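Colleague: Thanks for making time for this one. Could we go through the model together, question by question?

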Amino acid sequence: MKSLKVIKIGGKVIDDDQKLDHFLNDFASVKGPKILIHGGGSIATKMGERLGIKPNMIEGRRITDAETLEVITMVYGGLVNKKIVAKLQSFGAKAVGLSGADLNIIPAKKRNSKPVDFGWVGDVETIHTEWLSYFLDNGVVPVLAPLTHDQKGHILNTNADTIASSVATALSKDFETELLYCFEQPGVMNNRKLITKMNLLLYRYLKDGGIITNGMIPKLDLGFSALRKGVKVSIRSFEDVAKPESGTSLVK
C-alpha cells in the first residue's frame with residue numbers, strides 16, 4: 001500500500017510571504033503522494049474590512065453571514081488557493097487548486113442554528129475520494145481550500161483542520177496515511193518544552209490543567225480521532241514539514 005501525507009498549513013504562515021515560500025518549497029520536496037489543505041489566515045478579515053465588512057466573532061469563531069461568505073469564497077477559494085498553487089508550480093510540484101464543491105469532493109451540512117447561529121458554516125458529511133485518488137495516482141498535488149457545499153447550490157465555510165482529518169481518514173482505506181498539522185510552533189508545548197509523544201491520557205491531563213488551550217484543542221481532538229482510525233498523526237512547525245519524526249507525534 002502506498003504512503004500518503006495529508007498536510008494542513010495555517011495560522012500566521014498564510015499571511016507571511018517569506019514563511020509561506022519556505023514552507024511550500026519544503027512541501028514540494030516531500031516525496032510521494034501528498035495533499036495540502038490550507039486555512040485563510042487573517043487575509044479574509046483584512047479584505048472584508050477593506051470592503052467595509054466587519055468580522056463578527058463568538059468565542060473566537062467567525063460568524064459567516066451572506067456578505068462574509070462572499071469574501072471568504074473569494075479569498076480562500078481564489079486569492080489564497082491560487083497563490084499557493086502558483087507558488088507550488090514554481091517549486092516543481094504539479095498542483096491543482098480545489099474546494100470541497102469541486103467534483104463533489106466534500107458535501108457538508110449547514111450547521112444547526114441552535115444554540116448559536118454561525119451562518120453559512122458547514123460540517124463535513126463525507127469525503128468522495130475518487131477524484132483525489134485520481135490526481136494522486138497521476139502525480140498531481142490536490143490543494144484544498146476550506147470550503148465545502150451543501151448540495152443545494154450553497155458554499156459553506158468549513159474548518160480546515162476538520163477537512164484535513166476527514167480527508168486523511170477517508171483515504172486511509174487506500175493509502176498508509178499520515179496527517180500533519182503545520183503551524184508556527186515546534187509542536188505541542190508544555191512550559192516552553194516540546195512534547196515529542198502525546199497520548200490521550202496526557203492530553204486530557206494537560207487540557208484539564210489549562211496547559212493546552214484555544215486552537216490546539218480541536219487539532220488534538222481531530223488528531224486523536226484520526227489516530228483511532230489508523231492514521232499516523234503529528235503536529236509540527238511549518239519549517240519541519242519535510243523532516244521525519246519531528247514535532248509532537250500522537251500515540252495510542
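Colleague: Is arginine 192 buried or exposed?

Modeller: Buried means under 20% relative accessible area, exposed over 50%, and partly exposed in between, using a 1.4 Å probe and protein chains only. Arginine 192 has a relative accessible area of 83%, so the residue counts as exposed.

Colleague: Before we go on, what kind of model is this?

Modeller: Residues are numbered from 1 along each chain as its sequence is written, and side-chain values use heavy atoms, with hydrogens and water left out. Local features need pLDDT of at least 70, side-chain atom pairs count only at pLDDT 80 or more, and totals for chains, interfaces and linings use all residues, since the model is predicted.

Colleague: Which loop holds glutamate 245?

Modeller: Glutamate 245 also deserves a look: its phi is near 55 degrees, a positive value in a residue other than glycine. With a relative accessible area of 53%, glutamate 245 is exposed. Its place is in the loop between strand 15 (232-237) and strand 16 (248-250).

Colleague: Turning to helix 4, why are its buried residues on the same side?

Modeller: The buried residues of helix 4 (residues 130-137) are Leu132, Ser133, Phe135 and Leu136. They share a side because the arc they cover around the axis is only 160 degrees. That arc is taken from the directions from the helix axis to the C-beta atoms. As for what covers these buried residues, through contacts (heavy atoms within 4.5 Å), the cover includes strand 1 (3-9), strand 2 (34-38), strand 5 (95-98), strand 8 (141-144) and helix 5 (160-171).

Colleague: How are the rings of tyrosine 134 and phenylalanine 135 paired?

Modeller: Rings of Phe, Tyr and Trp (its six-membered ring) pair if their centres lie within 6.5 Å; planes under 30 degrees apart count as stacked, over 60 as edge-to-face and the rest as tilted. The whole structure has five aromatic pairs. For tyrosine 134 and phenylalanine 135, the centres are 5.9 Å apart and the planes stand at 65 degrees, so the pair is edge-to-face.

Colleague: Which residues do ring pairs link into a cluster?

Modeller: Tyrosine 134, at 44% relative accessibility, counts as partly exposed, whereas phenylalanine 135 is buried at 13%. Both belong to the cluster linked by ring pairs, whose members are Trp131, Tyr134 and Phe135.

Colleague: How much space lies in the largest cavity?

Modeller: On a 1 Å grid over the protein atoms alone, a cavity is a set of points where a 1.4 Å probe fits but cannot get out, a pocket is an open set with protein on both sides within 12 Å along at least five of seven lines, and lining residues have an atom within 4 Å of a point. Grid points are joined across faces, edges and corners, and a volume is the space filled by probe spheres set on the points. Helix 2 (43-50) and helix 3 (66-90) each supply at least two residues of the lining of the largest cavity. Its space is about 70 Å³.

Colleague: And what volume has the second largest pocket?

Modeller: Its lining includes Phe183, Met189, Ile211 and Asn214. By class, that lining has six nonpolar, five polar and no charged residues, where Ala, Val, Leu, Ile, Met, Phe, Trp, Tyr, Cys and Pro count as nonpolar, Asp, Glu, Lys and Arg as charged, and the others, Gly among them, as polar. The volume of the second largest pocket is about 160 Å³.

Colleague: One last thing: which residues does serine 165 touch?

Modeller: Serine 165 is in helix 5 and is buried, with a relative accessible area of 5%. Not counting residues up to four places away in sequence, serine 165 touches Leu179, Tyr181, Leu222 and Ala226.

Terms used: Helices (H or I, at least four residues) and strands (E, at least two) are DSSP runs, numbered from the N terminus.
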